[in-house]
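I opened the notebook to go through a few sheets and helices one at a time.

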Amino acid sequence: MLELALKGGKKYYGWMTLLVVIVGIGFLLYLRQLDFGLGITGLSRDTSWGFYIANFTFLVGVAAGGVMVVLPYYLHDYKAFGKVTILGEFLAIASVLMCLTFILVDLGQPMRAFNVLLYPTLNSVLFWDAVVLNGYLFLNIIIGWNVLEAERNGVHYQPWLKPLIYLSIPWAISIHTVTAYLYCGLPGRGFWMTAILAPRFLSSAFAAGPALLILCCLIIRRVSSFDPGREQIQSLAKIVAYAICINVFFFLCEIFVAFYSQIPEHMDHIKYLFVGLHGHGAYVPWMWASFILMIVGIILTVIPTTRKNEGVLAVACVAIFLGTWIDKGLGMIAGGFTPSPLHEINEYIPSLQEVVIALGVWAMGFLVLTALFKIAVSVKEETRS
Amino acid sequence: MNNKALIVTGVVIFLLIVLFPFWYMRGKAAPPPEVELTPKAKAAQKCVRSTEYMRAEHMQLLDVWRDSVVRESKRIYVNPDGKEFNMSLSNTCLDCHSNKAEFCDRCHNYASVRPYCWSCHIENPKEKT
Amino acid sequence: MDSSRRRILQLLGISALALTTRPVLDAFAKEQQATGADVIIKEGDKVLKARQWAMVIDTRKLHSEAELEPLIEACHTIHNVPKLLNKNHEIKWLWGTHYHNAFPGKAARFIAEEVEQRPFLVLCNHCENPPCVRACPTKATWKRDNDGIVFMDFHRCIGCRFCMAACPFGARSFNYRDPRPFIQETNKKFPTRMKGVVEKCNFCAERLAVGQIPACVEVSKGALAFGDLYDPKSEVRELIRTHFTIRRKQTLGTEPCVYYIV
């Protein structure tokens, strides 16, 4: 089926070339990082994780979000989603690939990455994160590929796939839960020390993932003869609406706990992000933008008339995607590290090189995503005709 | 099949690349390097283990030394002759072999291996900077 | 695909696997030889031992940054700790800070002026229940069973910095770039680090192994004491028994082993 990714028009090849160029630029800068060390980023002794890990965290969410089309189809027998499950699975593959690349890019000694497998450490959440992410990647490759191949050949997929499909559903939840556990089990980091962190991550994941999927469906409808379907998009939009509402609700819960209890360790990080602390407030405009984007997203997806207008829905999806990215990407990591354990403020601002390397990783992910979607769409077009 | 020409060219290019070291050297082998011993190493006559063993297995030995010192906090190595050594690359090995360029590097370059021990371990503990 | 071709490919794959296992097994066998029966690997005779090393810092005896300087200097020089000018890339094993930074939860609104001005020496606490060790995915940092030191294997560290996020004391530093050009005077007896690994205070394990106490304690003129926390007769226990001591962020349950007399 891979050959389907090679047959495309001028626009398709133009887009792919653009992505390859961005990947190339990012890779060249990465070589520089490899040579110099992580000092080319804005990271510091106090903020030891930054833009890379932030994007990793966000993309684990997007990957987990793919399950929102798989679950209704296989568990609730919601037939309409049968048409788009493959898109959810392929989105998961591309996202997990980006996640793994972001982790690799963030390592100080990437050549030693295999030490994680050579010396498996069961008490380390990072070990489990590597296990669940790779597991999820393989599950989705096996399931997505075989189901699509069966569809192309006009047969029912192999029966042994069924248990794997069922397994992939809780597995999707697990990847984001384990990722949240990376943060929320650390003593002395008040911002992350909240039992609601995994649920919060999942709620933003189930908003951002399907929002991206809706955007993909709208694009696919424009550039191909395969229509993912109006009902499908509307159902996804309802999922996004619920998830983003829950996400904002969870966030408000955090605000209540921190500010009613008045415990400085918990308040200070939120203050730093939203109003600034001791004169430092680089993230204030970003955090308010994120909050406003999410509120706009709620309004546009909850009200039926705006949700049903696909143009408006697209705007809402972009707003939600950006809003959750700022919230979980920028805010979650920088906010957790500032103020530092010694209550010092040393602001983290990503460096330009760091941002370009991250863009390169995103471009790599979208390259894979486009190729996979191209294959899926070509198969759909083929079987229809 | 009408791809015969393509396949043959492909195979030829593949062979050319794979056999590069052979045709580049025209069948001759590069001469093996001579390692030089410092007067101190010569005077000692015997290394931690026999010369043959050290020549072939020093990397395994160093690996064991490293893990013993760092991970098991055991620092003394007693060789089969009953002689004791402080297991330290910088302070024991390079104390005698204080000529890294003529001793370590020559062979490593010949074998095209690039151990990065010296990114951290200091080359010659006796020399003043 | 016809089945005979598939069969041949399978056979080729299996034989390739079988061929590659041999060198791996050989490598293991050779490592056995290095430790074989006729060779003994042991501790030195002079090694200082304890169930859990601990430190008591009498902050009353250290009045100013200038008085901390020789201690920090001693530590950083013998361990080849670089002096980086960019604050982001800074590496510190032992440093001085204010009371309200060392004890953020314990800073009262009004506090003895003299304490507010006094510098507090901070370093890795070698916790009895260290969160950094829980976090490390490769066992590159672990708690030694023979003396309780939270140790690091710079050979194994992959530079993921999970330990830095896990440490509630900010005790760990990361090599954001090659540290070598920034080491003013190299101690030839101790290795430097390379870029991309985490480092921190090691309670001078290399000195304890040859019967010496940690360098900072040695030059502290009695302001720092070092000893076994579980030996009731040790100097540190004596000080803890006879003085009121506090520890950093005790409520987190990490059981720090550095005690402060205020």
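**Entry 1: the four-stranded sheet in chain C.** I am working from a predicted model. I looked up the strand order first. The sheet is open, has four strands and reads β9-β2-β11-β10 in chain C, with mixed pairing. I noted that β9 (224-228) and β10 (245-246) of chain C are the edge strands; each has a single partner, so one side of each lacks a neighbour in the sheet. I then checked what lies against the sheet. Helix α9 (residues 235-242) of chain C packs there and touches β2 (53-58), β9, β10 and β11 of chain C. Its direction makes about 115° with that of β9(C).

**Entry 2: pairings in that sheet.** I went through the strand pairs in turn. β2(C) and β9(C) are antiparallel, with five bridges. Here I57(C) sits opposite L224(C) of β9(C). β2(C) and β11(C) run parallel and share four bridges. D58(C) has I261(C) in β11(C) as its bridge partner. The remaining entry in my list is β10(C) with β11 (residues 258-261) of chain C: antiparallel, two bridges. I246(C) is partnered by Y260(C) of β11(C).

**Entry 3: β2(C) itself.** Is β2(C) enclosed or open to the outside? I counted six buried residues of six, so the strand is largely enclosed by the rest of the structure.

**Entry 4: a sheet built from chains B and C.** I found an open, three-stranded sheet with the order β2(B)-β1(B)-β1(C) and antiparallel pairing. β2 (84-86) of chain B and β1 (40-42) of chain C stand at its edges; each has a single partner strand, so one side of each has no neighbour in the sheet. The twist averages 25° from one strand to the next. I looked at the link between the chains. β1 (residues 76-78) of chain B pairs with β1(C) over three bridges, in the antiparallel sense. V78(B) is opposite I40(C).

**Entry 5: α2 and α7 of chain A.** How do the axes of these two helices cross? For α2 (residues 51-65) and α7 (residues 161-184) of chain A, the axes come within 8 Å and cross at roughly 155°. The cut-off for roughly antiparallel is over 145 degrees. α2(A) and α7(A) are therefore roughly antiparallel. I recorded the crossing of α2(A) and α7(A) as left-handed. On the α2(A) side, the contact includes I53(A), F56(A), T57(A) and V60(A). On the α7(A) side, I listed among others A172(A), I175(A), H176(A) and Y183(A).

**Entry 6: α11 of chain A.** This helix (residues 284-302) has 19 residues. From its first C-alpha to its last it reaches 27 Å, close to the 27 Å expected at 1.5 Å a residue. Its buried residues include V284(A), M287(A), S290(A) and M294(A). I checked what covers the buried residues of α11(A): α9 (230-261), α10 (264-274), α12 (304-308) and α13 (310-337) of chain A are among the elements.

**Entry 7: F27(A).** I placed F27(A) in helix α1 (residues 10-36) of chain A. Its relative accessibility is 47%, so F27(A) counts as partly exposed. F27(A) and G360(A) are 333 residues apart along the chain, yet their C-alpha atoms are separated by 6.8 Å.

Terms used
Residues are numbered from 1 along each chain as its sequence is written. Chains are lettered from A and ligands numbered from 1 in the order in which they are written. This is a predicted model: local features need pLDDT of at least 70, side-chain atom pairs count only at pLDDT 80 or more; totals for chains, interfaces and linings use all residues. Side-chain values use heavy atoms; hydrogens and water are left out. Two strands pair if DSSP finds at least two bridges between them. Contact means heavy atoms within 4.5 Å. Axes are lines fitted to C-alpha atoms, for helices over the stretch in contact, and angles run from 0 to 180 degrees between N-to-C directions. The expected span of a helix is 1.5 Å times one less than its number of residues. Buried means under 20% relative accessible area, exposed over 50%, partly exposed in between (1.4 Å probe, protein chains only). Angles under 35 degrees count as roughly parallel, over 145 as roughly antiparallel, 65 to 115 as roughly perpendicular and the rest as oblique. A crossing is left-handed if the near helix is turned anticlockwise from the far one by less than a right angle, and right-handed if clockwise.
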